[in-house]
Amino acid sequence: MKAALLVDFGSTWTKLRALDLDGGTLLGSAQGPSTVTSDINVGFDAALRALAERLRGLPDFAYRLASSSAAGGLRMVTIGLVRELTAEAARQAALGAGARLVGSFAYRLTASDVAAVAALAPDIVLLCGGTDGGNREVILHNAHALAASALRCPVVVAGNREATDEIIALLDDGERFVTAAANVLPAIDTLDIEPARAAIRDVFMRRIVSAKGIDRVHAAVDGVLLPTPAAVLEGAKLLADGIGAREGLGALVVVDPGGATTDVHSIGTGEPAAAGVIRYGLPEPYAKRTVEGDLGVRHNVSAIVAAVGVEAIAADAGMTVAEASTALDALESRVETLPGNAAERALDETLVRAAVDIAMKRHAGTVETVYTAQGPVQVQRGKDLSAVKHVIGTGGAIVHARDPASVLAAACADARDPQSLRPRAPRLCVDADYMLYAAGLLAQVDPAAAFDCARRGLRIVKE
């Protein structure tokens, strides 16, 4: 039997999946606490021992690959020219690479901007600005500002190609690692974020992993290839596109509500599905990820309550307002709390539904009527996901829910919000064995086996 070990070094848990590559099936899984502040090997070793017990010995693994979101993940700052254009293109590149975007700046950096960037303590800065052959003064100004600062984190330069060589020479002072990628916005209506994504991931593998202390597990794994969110996005893309004779699912959405953030991934062009609709703004990435840092179902309970209203949450959970308020306060004060009874589980699922609903509204595009001199025009902003046929839930909050279908239904179209281009009539599935990250990693070396494992790991909860 040919087997692979796929590891996710998370901030809380280190998770292991052992896969049979010939059969495309899950052999076993295990997890251990991620002791990031001391020695990450502790949790890894505990999980490996548990896996060995379940499998009655470990097979010879052909591949041992890992992803990581430990120690807060890949903290990133983007700097662009115009917020709606190059700054937005930079944001899409950063999120697609699996980064945790902690700051985004546009126009000329001021002294206070540079101080703010340094205070954010990013792992990587993505410096963009100007179309190819267009404005080069702003990106050069910003490069000089970074060069004069005390900031020494790696910098990925992905702006006007005419300024790139000068910027690399300016920033590469022997202490700061600098690399170039193709312009994220080579022309006003052209988005090209894949080269920047690849450069960000390369910096992650070469430098960030070591800085996070995960290099101590290199004897046990072949390499830490990707940030975990990027691995999930790669797994989703593989499921959508298929490989060789294995037909993919087509355009799909993956929702991942967690304790600190709610992530949404969509695979598909997102072009207008209805005739006569005009797309406005930058083209949307084929593989798009958004991260809602105010929608964590533990760390951001108060933000969810503020958005939805405690009355609505209480009604959905079957509680009085007083009961819900007391329970919500307790949750936010003890973020590690797991639901222990039926009432707590109902409240948990209510919060997850609310987070998924809001996150999908932000991720999906909208269509509205704009009145012009030539008459009314239907204008689409963002990505049209209305025709998506599969919505997939991943992560414990959905997989372990009593009614995962009701949680995933919150990601779908709502007659009360006709402008939102969310999926209208998709099949609802759960990533029952938390396989998407594993498939994304395995796709780097054996995409056919990765597809089989990811496909078999899906459980349909509503047709």
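## The model

This is a predicted model, in which local features need pLDDT of at least 70, side-chain atom pairs count only at pLDDT 80 or more, and totals for chains, interfaces and linings use all residues. Residues are numbered from 1 along each chain as its sequence is written, and side-chain values use heavy atoms, leaving out hydrogens and water.

Strands here are DSSP runs of E with at least two residues; helices are runs of H or I with at least four residues, and both are numbered from the N terminus. Two strands pair if DSSP finds at least two bridges between them.

Strand β2 (residues 13–20) and β3 run antiparallel, joined by 8 bridges. D20 stands opposite T25 in β3. Contact means heavy atoms within 4.5 Å.

## The parallel sheet

Another open sheet of 5 strands has the order β6-β5-β7-β8-β9, and its pairing is parallel. Its edge strands, β6 (100–105) and β9 (178–180), each pair on one side only. Neighbouring strands are turned by 20° against each other on average, direction ignored.

Strand β5 (residues 75–79) runs parallel to β6, with 5 bridges between them. R75 has R100 as its bridge partner in β6. Helix α4 (residues 137–147) lies across β5 and β7 (124–127), at about 155° to β7. Helix α5 (residues 161–171) lies across β7, β8 (155–157) and β9, at about 170° to β9.

R56 is not a glycine, yet its phi is positive, near 55°. R56 sits in the loop between α1 (41–55) and β4 (61–68). Its relative accessible area is 82%, so R56 is exposed. Exposed means over 50% relative accessible area, buried under 20%, and partly exposed in between, with a 1.4 Å probe and protein chains only. Y434 also has a positive phi, about 50°, although it is not a glycine. Y434 lies in the loop between β20 (427–431) and α14 (436–442). With a relative accessible area of 17%, Y434 is buried.

D348 belongs to helix α11. It counts as buried, at 15% relative accessibility. Leaving aside residues up to four places away in sequence, D348 touches R298, L331 and P339.

## The second largest pocket

The second largest pocket has a volume of about 310 Å³. Of its 18 lining residues, E84, E88, R91, Q92 and E284 are the closest to its centre. A pocket is an open set of points on a 1 Å grid over the protein atoms alone, where a 1.4 Å probe fits, with protein on both sides within 12 Å along at least five of seven lines; lining residues have an atom within 4 Å of a point. The volume is the space filled by probe spheres set on the points, which are joined across faces, edges and corners.

α2 (86–96), β16 (287–292) and α11 (342–363) each supply at least two lining residues. The largest share, 3 residues, comes from α2.

Methods:
Axes are lines fitted to C-alpha atoms, for helices over the stretch in contact, and angles run from 0 to 180 degrees between N-to-C directions.
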